Amino acid sequence: MNLSALAMQPEIFLAWTSIIKTLVIVFGIVLPIVSLTVFAERKVCAFIQDRVGPNRVGLPTTILGFKKDIRLLGLGQMIADPIKLLLKENFIPNSVNKFYYYIAPKLAMIPALLVLAVLPFGPNVFFGDIKVPLMVANVDIGILWVFAISSLGVYGIVLAGWASNSKYPFLGGIRSSSQMISYELALGLSVIPVFLIVGTLNMQEIVVWQRENGWMVAPFWPKGFSLEQLLHGDFAAIGASFAAGFSVQRLLIWVPMLISFIVFLIAMFAETNRVPFDLPEAEQELVGGYHTEYSSMGFALFFLGEYAAMAAGSGVIVTLFLGGWSLPFIPDGSATSFFGIPFIPAWGASLLWGLIGMTIFLAKIAAMLFLFIWVRWTLPRFRYDQLMKLGWYFFFELALVNIFITALILALVKF
Amino acid sequence: MEVALFWIFAALMLGFGAAVIFLKSPVSSALSLVVSFLGLAALFLLLDAFFIGIIQVLVYAGAVMVLFLFIIMLLDLKTERARKINLPAMIGGLMVVVGFVALLVKLLPSFDIAKPALARPVNDVASVGMLLFSDYNLPFQVIGVLLLVATVGVVLLSRKELK
Amino acid sequence: MLIDFLPILLHVVVAVGFATVVLVLNIALGRAGKRTKIKDTAYECGVIPEPGPQPRFSVKFYLVAMLFILFDIEVVFMYPWAVVYRDYIAQHGMLIFWSMLSFVIILLFGYAYAVKKGALEWGR
């Protein structure tokens, strides 16, 4: 058997394509997103506080003998920050429990990266008969994987706090883990209505469902509506497709879906320790929280994990509620032509539409990340008792009631 | 491939399971138990029991062990390290182990291991759901009562501290 | 399908590998500084750290963790329920709705008890 035939064997094909996808998603997409988010956070913060923000680090052309550096709006900061952290002294204080101090940042960062494995970054792309989903692993229990893995993220933080052998990190670690487990309940309960409607836990299928029936937060979806109808001014056809897409059930479901979305969004803020729920690192009382004793790469890994968790969380929100990679009028990977350009083969068109779907998904994630940053520089922090009360009394009950309202609507009103 | 993975994860599970007992530091023991649970979850996945496998991670590794770790970390670990080996407890534990192994040796041959597993379900979350709400509805409600008792028990035990 | 989990295994390897490589790179490239006695101590806002006893914790942290486990199990049962819900209604009727409702109501008695006893009050 020659090499190319071997590469097309189902298992081996799956193995090498998924290695490529994993590497591209982790190193080509998420790490740049993290780096860009850190930069965006500084820029947006500066904008909100009426400052300029970082604007100097660009291309260091003075090294090559030019008179001036090219500043590029300070975008060089994106690369300069990680390099700086990489070159700093890897200092382990004598007072810490060395082994756990050393592995804690890893344990905090790895779950954030693992969640990415089940996020559908794009539609299924077809190469002839072979279907390649633009995600690492298309598993049926997708969302359960997300919750299971993110529940392991607590260990990194608890261990960092404990192993540091210092008061502030310890307090921060305990607070953080208590907060994370409290909001995990609201997080888990608030998405149940989505699965009641869709009837699957597979992330890709949830997106496909939303592509056909409308996004969870905006359920009024015209059936059979196309761009040509709009271009030709065929208003009768547009009206007919709007009427076909309308149903009483969707209208009734809309309110529970919005509640579900808002509870999930807020619980996600709490899960990722973002303002207004950033008590674990409340700098006025706890210095840096659980990573007070960390420096250089250990600190960088916590930072990376936090922002990667934010990006992954945004990805989950986009997938479940905002239609994932779908956008009205944009074909998915099953399309065989790309604007009718003749020399693009069917697989090329499929791949191009797949990549466009991926761009849409990333654009939605970027919008969510902007929301995270915007909230951070706008709202004050909760007090600890307020935080716990909100999670256990308000969101827990709201999400629970919401589930049964949705279930009742689905049972009583037919589509 | 599956067989190789089975041995890897089984070794992982048993190795860290042994570490739970032999490691001196309670924190290390608890974390070994977490790794052991992850190995067990992988074994469930290898048996096509995806739902159970993931739940193993979600509930045991992600929730129960966090509580364990919480409690251990707030204990005074120095007294734990200084503790002497308790001989009667050792002997008792050893007897339980011997009894358990004897039971396994007696029982295992009666299973027909070569027999293939049950017909594999395509979507095991859905089949769990269907079974749970038709054949096992009463046990499901009993679980609810069990959880209620546990909740009340927890609150009752810590009642003194709450006031 | 089991084979669907192969990519996940590979992804785990990549993630763990990445974390290891950056830390090793950091050790190799990071500049080695001087160690001083002060630098080795825990950070306590510039004051010499008080080596007092371990901080004592409110029992509420345990209580929250314990209640979380109990309600987490409830959430776990809801996933298979949600997945089969519409199929079940179409085939067998409303039984599935009532049985989950009664399950949750049983648990809510426990929740109400915990709330009444102030297990989730952090004010005092």
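Figure 1. Starting at the N terminus, the elements of chain B read α-α-α-α-α-α-α-α. That gives eight helices and zero strands for this chain, all taken from a predicted model. Chain B has 163 residues, and 26% of them are buried. Of the contacts in chain B with a separation of 6 or more, 54% are between residues 24 or more positions apart.

Figure 2. Helix α7 of chain A (residues 192-198) has the highest confidence in the chain, at 89.

**Figure 3. Helices α13 and α14 of chain A, packed together.** Packed helices are described by the angle between their axes and the distance between those axes. Here, α13(A) (residues 296-321) and α14(A) (residues 346-376) pack at about 115 degrees, with their axes 9 Å apart. The crossing of α13(A) past α14(A) is right-handed. On the α13(A) side, look for A:Met310, A:Ala311, A:Ser314, A:Gly315, A:Ile317 and A:Val318. Facing them from α14(A) are A:Phe361, A:Lys364, A:Ile365, A:Met368, A:Leu369 and A:Phe372. By class, the residues of this contact are nine nonpolar, two polar and one charged.

Figure 4. Strand β1(A) (residues 124-127) pairs with strand β2(A) (residues 130-133) in the antiparallel sense, over four bridges. What is the bridge partner of A:Asn124 in β2(A)? It's A:Pro133. Two residues lie between the strands of this hairpin, and A:Gly128 in the turn has a positive phi of about 65 degrees.

**Figure 5. Two aspartates with positive phi.** Most residues other than glycine have a negative phi. A:Asp50 isn't a glycine, yet its phi is positive, at about 60 degrees. You'll find A:Asp50 in the loop between α2 (10-48) and α3 (77-87) of chain A. A:Asp50 counts as exposed because it has 6 C-beta neighbours inside 10 Å. In chain B, B:Asp48 also has a positive phi, of about 70 degrees, again without being a glycine. The loop between α2 (26-46) and α3 (50-73) of chain B holds B:Asp48. With 16 C-beta neighbours inside 10 Å, B:Asp48 is therefore partly exposed.

**Figure 6. Where chain A meets chain B.** In this contact, 14 residues of chain A touch 13 residues of chain B. On the chain A side, the elements giving two or more residues are α5 (142-163) and α6 (167-190). The top contributor there is α5(A), with nine residues. Sorted by class, this side of chain A has eleven nonpolar, two polar and one charged residues.

**Figure 7. Where chain C meets chain A.** Chain C brings 54 residues to this contact and chain A brings 61. Which elements of chain C give two or more residues to the side that touches chain A? They are α1 (6-29), α2 (60-92) and α3 (95-116). The largest share of that side, 17 residues, belongs to α1(C). By class, the chain C side splits into 41 nonpolar, six polar and seven charged residues.

Technical notes: Residues are numbered from 1 along each chain as its sequence is written. Chains are lettered from A and ligands numbered from 1 in the order in which they are written. This is a predicted model: local features need pLDDT of at least 70, side-chain atom pairs count only at pLDDT 80 or more; totals for chains, interfaces and linings use all residues. Axes are lines fitted to C-alpha atoms, for helices over the stretch in contact, and angles run from 0 to 180 degrees between N-to-C directions. A crossing is left-handed if the near helix is turned anticlockwise from the far one by less than a right angle, and right-handed if clockwise. Two residues are in contact if their C-beta atoms, placed from the backbone, lie within 7 Å. Ala, Val, Leu, Ile, Met, Phe, Trp, Tyr, Cys and Pro count as nonpolar, Asp, Glu, Lys and Arg as charged, and the others, Gly among them, as polar. pLDDT is the predictor's confidence in each residue, from 0 to 100. A residue is buried if 20 or more other C-beta atoms lie within 10 Å of its own, exposed if 12 or fewer, and partly exposed in between; C-beta atoms are placed from the backbone. Two strands pair if DSSP finds at least two bridges between them.
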